[in-house]
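Q: I would like to learn how to read the features of a model like this one. Please take them one at a time, with the general idea before the case.

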Amino acid sequence: MSKTEAAAEVEKKLATRPEAGELVDHNILKSTTVSPALQGAQDDLKKEQTKNSLEDKLHARPGKDDVAHAFKAAEEPEKAHSTEAELAANALKLEHKLQERPDKEALVDRNIMHGGNVAPSIQQAQDEFKKAKIQDDLTRKLGPDVRPSPEDLVSHNIMKGSSVAPALQQAQEDLKRAQIADSVHAGLEHRPAKEDLVDKNILKADGVAPALAADAVALEHALIEDKLDRKVGLRPDAKDLVERGTMKEQTAAPALQASQDALKKEQTKDTLAKELKERPGPDDEGVKRRMSVTS
């Protein structure tokens with residue numbers, strides 16, 4: 001065959017070859033609607049979908065008992081109606097359950113199913129990244145510089161100390177509880193009587209009903225307040241107390257009051273000493289003259 005004849009034969013075959021869409025429909029050529037990097041992931045997804053569809057159909061196919069009932073129904077026309085009713089009831093139940101099943105978004109929110117926003121080849125890397133991030137967060141939160149030490153937990157009574165063997169731990173706890181109970185009983189035996197607490201105004205008396213206790217306390221406070229107001233209104237003012245010598249006149253700051261009082265005492269002492277030095281003695285002419293006149 002010459003080159004011309006071969007070229008003509010090739011052109012004839014190219015003219016009669018099927019289109020790409022027909023090859024895709026006949027599953028001879030794969031669709032190129034996605035990039036080549038994602039073609040394998042798309043094929044795997046289609047296989048999984050086909051597998052799931054087949055599994056659903058296999059689960060939905062009638063079982064051996066259903067086939068036996070169908071044959072019996074065909075042989076016994078009287079039971080055919082009841083079998084059809086059962087099938088219709090089962091179909092209604094199945095439809096009801098399918099309506100109540102959660103949608104894809106709910107399953108993704110519950111972390112039951114992964115979201116389909118990324119390709120399967122990227123999904124695994126994304127999951128590994130999330131796990132590594134969670135592990136880093138836990139490592140940081142559980143690090144020795146963050147979480148308390150066992151000694152701190154024991155001191156705060158969060159964790160029990162391990163100074164004894166685990167076999168003796170329960171016996172030690174029982175001993176501590178018994179010691180605390182004995183201490184409480186001893187304290188209760190020496191506690192003061194109710195009358196002593198009432199006399200010391202620690203405990204209220206039970207002279208009134210509980211419903212009137214709050215009103216009785218308020219009335220008692222009001223009486224005390226009125227009594228104090230009356231006594232405060234009758235007390236003398238500061239000027240009278242100063243004139244009576246009951247209270248010292250505060251002309252200076254409280255911090256300097258003691259120094260001022262000491263200064264006044266020294267001034268009074270000096271004045272008295274000076275006057276005693278200047279008074280006339282027994283040999284003074286004036287004193288002799290007054291003594292002679294009086295005698």
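A: Aspartate 174 is partly exposed, at 39% relative accessibility. Buried means under 20% relative accessible area, exposed over 50%, and partly exposed in between (1.4 Å probe, protein chains only). This is a predicted model: local features need pLDDT of at least 70, side-chain atom pairs count only at pLDDT 80 or more, and totals for chains, interfaces and linings use all residues. Residues are numbered from 1 along each chain as its sequence is written, and side-chain values use heavy atoms, with hydrogens and water left out.

Q: Which residue does aspartate 174 meet in a salt bridge?
A: Side chains of opposite charge can pair when their charged atoms come close. A salt bridge is a side-chain nitrogen of Lys or Arg within 4 Å of a carboxyl oxygen of Asp or Glu. Here the partner of aspartate 174 is arginine 177, at 3.5 Å from N to O. The two are separated by about one helical turn because they lie 3 residues apart in helix 9 (residues 166–189).

Q: How many salt bridges does a search of the whole structure find?
A: The search finds 2. Besides the pair in helix 9, the side chains of arginine 140 and aspartate 137 meet at 3.0 Å, N to O. These residues are also 3 apart, in helix 7, and about one helical turn separates them. Arginine 140 is exposed, with a relative accessible area of 52%, while aspartate 137 is partly exposed at 26%.

Q: How many helices and strands are there in the protein chain?
A: Helices (H or I, at least four residues) and strands (E, at least two) are DSSP runs, numbered from the N terminus. The protein chain has 14 helices and 0 strands.

Q: What share of the residues counts as buried?
A: Of the 295 residues in the protein chain, 6% are buried. For contacts, meaning heavy atoms within 4.5 Å, take those with a separation of 6 or more: residues 24 or more positions apart account for 3% of them. The chain exposes about 26,800 Å², of which carbon and sulfur atoms supply 57%. Such areas come from the Shrake-Rupley method with a 1.4 Å probe; for residues, only the protein chains shown count as cover.

Q: Which residues form a nonpolar patch on the surface?
A: Patches are made of residues with over 30% relative accessible area and no salt bridge; like charges are joined within 9 Å, nonpolar side chains (Val, Leu, Ile, Met, Phe, Trp, Tyr) within 5 Å. Ile134, Leu138 and Leu142 form the nonpolar patch, with about 290 Å² of accessible area together. Leucine 142 sits in the loop between helix 7 (120–141) and helix 8 (150–155), and is partly exposed at 48%.

Q: Which residues form a negative surface patch?
A: Lys and Arg count as positive and Asp and Glu as negative; His and the chain ends are not counted. A charge is placed at NZ of Lys, CZ of Arg, CG of Asp or CD of Glu. The negative patch consists of Asp44, Glu48, Glu55 and Asp56. Glutamate 55 belongs to helix 3 (residues 36–60) and is partly exposed, at 35% relative accessible area.
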